[in-house]
Amino acid sequence: MLSVLTDNWELFREGFWTTLRLFLISGVLSLVLGTLLAGFRVSPVPALRAIGTGYVNTLRNTPLTLVFAFLVFGAPKMQLNLPTFFWSAVTALTVYTSAFVCEVVRSGINTIPPGQAEAARSVGMTFVQVLNIVVLPQAFRAIVPPLTSVLIALLKNTTIAAGFSVLEAGAIPAVMAERGENQMLTLVWITIGFLILIIPLVFLQRWAERRTAVAG
């Protein structure tokens, strides 16, 4: 069993390193874009609310595979060329995941008593200042558990990139099949690899849930 891993260590290392890079880059970008969209959705400006709502409703109801297909095959025909398949995958994961991040952040914003925002505005703060200084710091403390769930889903969704010429963990079985390696043992090692990546996020989620419960 161990030989399947040791004899193909370079493949497993490259595959999971690419998976980790996809996850980290897409995760950070999704948090930024998702938070911005959440700001749009609670904005007093109708046009911004419409943009945020339209984006979230469109992306949440679109299969991730179609998002990948559009960016890999459709975008180049519209002269929207990304440098590599890797960055096409990052873009697809980011635009998709940010819609879910947006809803989590928006739910956190809605838990903050309206009186706090009104008090901040009464002393002359703008909407952006109220959001950044008063609302979001409190909201993020409350949304760590559901936000971690979104990030765990993102990590697992990186495997879709294998179908679009990105050599990440999801692409390992196809390469191993060409080498004549045992597919069952290959899947066992891939599962172990994902567990190693996911378990720290699960512990973070449980820790945040306990902190939230104590604070409540």
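Trainee: On what basis are the values computed?

Mentor: Because this is a predicted model, local features need pLDDT of at least 70 and side-chain atom pairs count only at pLDDT 80 or more, while totals for chains, interfaces and linings use all residues. Residues are numbered from 1 along each chain as its sequence is written, and side-chain values use heavy atoms, with hydrogens and water left out.

Trainee: How many helices and strands are there in the protein?

Mentor: Helices (H or I, at least four residues) and strands (E, at least two) are DSSP runs, numbered from the N terminus. Read along the sequence, the pattern is α-α-α-α-α-α-α-α-α. The count is therefore nine helices and zero strands.

Trainee: What percentage of the residues in the protein is buried?

Mentor: Buried means under 20% relative accessible area, exposed over 50%, and partly exposed in between, with a 1.4 Å probe and protein chains only. The protein has 216 residues, and the buried share of them is 39%.

Trainee: Is Thr97, at 3% relative accessibility, buried or exposed?

Mentor: Thr97 lies in helix α5. Not counting residues up to four places away in sequence, Thr97 touches Ser30, Val150 and Leu154, where contact means heavy atoms within 4.5 Å. Because its relative accessibility is 3%, Thr97 counts as buried.

Trainee: How are α3 and α5 oriented to each other?

Mentor: Two packed helices are described by the angle between their axes and the distance between the axes. Axes are lines fitted to C-alpha atoms, for helices over the stretch in contact, and angles run from 0 to 180 degrees between N-to-C directions. Helix α3 (residues 46-60) and α5 pack at about 120°, with axes 9 Å apart. Angles under 35 degrees count as roughly parallel, over 145 as roughly antiparallel, 65 to 115 as roughly perpendicular and the rest as oblique, so α3 and α5 are oblique.

Trainee: Which residues of α3 make the contact with α5?

Mentor: On the α5 side, the contact includes Val95, Tyr96 and Phe100. On the α3 side, the residues are Tyr55, Val56, Leu59 and Arg60.

Trainee: How are α2 and α3 oriented to each other?

Mentor: The two helices α2 and α3 pack at an angle of about 130°, with their axes 7 Å apart. Given this angle, α2 and α3 are therefore oblique.

Trainee: Which residues of α2 make the contact with α3?

Mentor: Among the α3 residues in this contact are Leu48, Ile51 and Tyr55. The α2 residues are Leu33, Leu37, Phe40 and Arg41.

Trainee: What is the relative accessible area of Thr159?

Mentor: Thr159 lies in the loop between α7 and α8. Leaving out residues up to four places away in sequence, Thr159 touches Glu168, Gly170 and Phe194. Thr159 is partly exposed, with a relative accessible area of 31%.

Trainee: What distance separates the C-alpha atoms of Thr159 and Val105?

Mentor: Along the chain, Thr159 and Val105 are 54 residues apart. Their C-alpha atoms are separated by 25 Å.
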